[in-house]
Amino acid sequence: MTETPTTATVSVPMLVTTNPATGEQVGSWPIDDADSVGAAVALARRAADTWRELGFKDRKRALLRWGAHLVNHAEEFCALISAENGKTADDAYLEVITAVEHLAWAAENAQKVLGPKKVWPGLMMANHEAVIEQRPHGVVGVIGPWNYPVYTPNGSIAYALAAGNTVVFKPSELTTGVGHWFAAAFAKANPDLPDGILTVVTGPGDTGRALVESGVDMVAFTGSTATGKRIMAAAAQRLTPVVLECGGKDAAIVAEDADVAAAADAIAWSAMANSGQTCVGTERCYVVASVLDEFLAELTRRVEGLTPGSGPDASYGPMTLPSQVDVIAGHLEDALAKGGTALVGGPESIKAPFVRPIVLLDVPEGSAAVREETFGPTLTVRAVRNVEEAIELANASEYGLASSVFSRKRGMEIARKLRAGATSVNSPAAYAAIPALPFGGVGESGIGRIHGAAGLLGFTRPHSIARQRFEIPGMALLSFARTESTLSTVRKLTAFRFGRAK
Ligand code: NAD
């Protein structure tokens, strides 16, 4: 119950989240400014020693307890995700269990990936023991988006924690309640651990900026490319390491030997699920001409029946970010004006906050619908002469997040030629649900990797230790006591070892 103030009160600015389908308020939180962000980082720094010194086994236990709490309270969590993000309860559940898969993988594999490794010191340093020890960075600032408000930040949070860092998390201003619930679940599952291992700060971009400038030891960002660039520039002031998971314009290739019906099914889901608000969702599709008609018939049959809404029967929810509706409308208008045609839907498909599926044909490659991230339930389809042309067009993008290929025989060959951080062959976005596979983009899609061994390593820095085990008499190379005869022996050995290559 709120107490009635008796003295003059200072009003704290509040952040309110709303249900994108209904506009109803979901929650409200005080906005963190630079001072309160600094306090959260200081708390995380105080908890860092305890968390690091717990070691891999006890951290694993704490993380798995967290995972169990998420699974056992999934219904409550999914209802909140649906309320703030708008996605269906089933999609929210899929998001939560995929996040838990990742969390468990990070917990269970951290020791194997990050434990000390002895390496061969080389002949010249044979009297040394050489060891690589991975140290956590310290406090990691994680900044998340709203489209997958659990799965995407968890790819940084769980891996950073498993590696021994503490985390200050700024969720998107659109899904702040989800961020608070997620972090509170860690504390509830681990009541004996100190505060500050996983803390949430609340607010819009300014709060994120304060977090980047707060002196955290690493920043892990997921969001748009424009924001990623701002964060990298700000982080450069202190040479703070960053991992940036940014936007994409993912292409799918359908080869002449594809199972066309299965390809249409996968592409329909990849393009339209979550209202197309998926960083690795298919936005462009290149289909070899000989199977185009069959593909379009299969695709149309699947997407025409999809209905956005907020009820239990909805195929997907509303647009979460209201301004995204204008982006979709702008891309559509531009595509039609430039000679593209609408195979499914059209301007009438847009009834904010809902957008029905839109499939566009023959949109010029230079137009916004093909070049820029649309982030809506839309897809462009173009016929190509052959797979080679499809690869060339797929790669002609400033983005390079992910891609998919549909071919019975040539899937791996085509995948290897694509400029992207990940590719799924004969399925949509499978790499994202396989925790051992690193995730991240090239070009404007970002730098660095989350997930997998590379993800764990990214949240640490290697500390190289060389320990002299014994002295070799007369072979002190790194000393002013070095003699001519030592160098002469080394010269001979070096010539023998390296000088004979033909
Ligand atoms: P956004 O860039 O608008 O915001 C992302 C986060 O950054 C939010 O928490 C926001 O408050 C914060 N932020 C904004 N300005 C900031 C600043 N100057 N300093 C620090 N933080 C700041 O992105 P969004 O609209 O929330 O998310 C959609 C975008 O995210 C799409 O482009 C999508 O492709 C991308 N995304 C990428 C991945 C991936 O893994 N590559 C995953 C999900 C979403």
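In which strand is E245 found? I looked this up in a predicted model, and I located E245 in strand β9, which covers residues 242-245.

**Entry on E245**

I turned to E245 on account of the UniProt record, an unreviewed entry that lists this residue under "active site". Next I listed its contacts, leaving aside neighbours within four places in sequence. E245 touches F221, T222 and G223, then F439, G440 and G441, and also S445, G448, R449 and I450.

**Entry on the sheet**

I traced an open sheet of seven strands, and I noted the order as β12-β15-β16-β11-β10-β18-β19, with mixed pairing. The edges are held by β12 (341-344) and β19 (422-425); each has a single partner strand, so one side of each lacks a neighbour in the sheet. From one strand to the next, the twist averages 25 degrees.

I examined one pair more fully. Strands β15 (residues 358-361) and β16 (residues 378-384) run parallel and are joined by four bridges. For L361, I found V381 of β16 as the bridge partner.

**Entry on the packed helices**

I recorded that helix α9 (residues 292-304) packs on this sheet, in contact with β10 (250-254), β11 (282-288), β12, β15 and β16. The direction of α9 makes about 170 degrees with that of β16. Helix α12 (residues 387-395) also packs on the sheet, where I noted contacts with β10, β11 and β16. For α12, I noted an angle of about 160 degrees to the direction of β11.

Key:
Residues are numbered from 1 along each chain as its sequence is written. This is a predicted model: local features need pLDDT of at least 70, side-chain atom pairs count only at pLDDT 80 or more; totals for chains, interfaces and linings use all residues. Side-chain values use heavy atoms; hydrogens and water are left out. UniProt positions are given in the numbering used here, feature names are shortened, and annotations may be inferred rather than shown by experiment. Helices (H or I, at least four residues) and strands (E, at least two) are DSSP runs, numbered from the N terminus. Contact means heavy atoms within 4.5 Å. Two strands pair if DSSP finds at least two bridges between them. Axes are lines fitted to C-alpha atoms, for helices over the stretch in contact, and angles run from 0 to 180 degrees between N-to-C directions.
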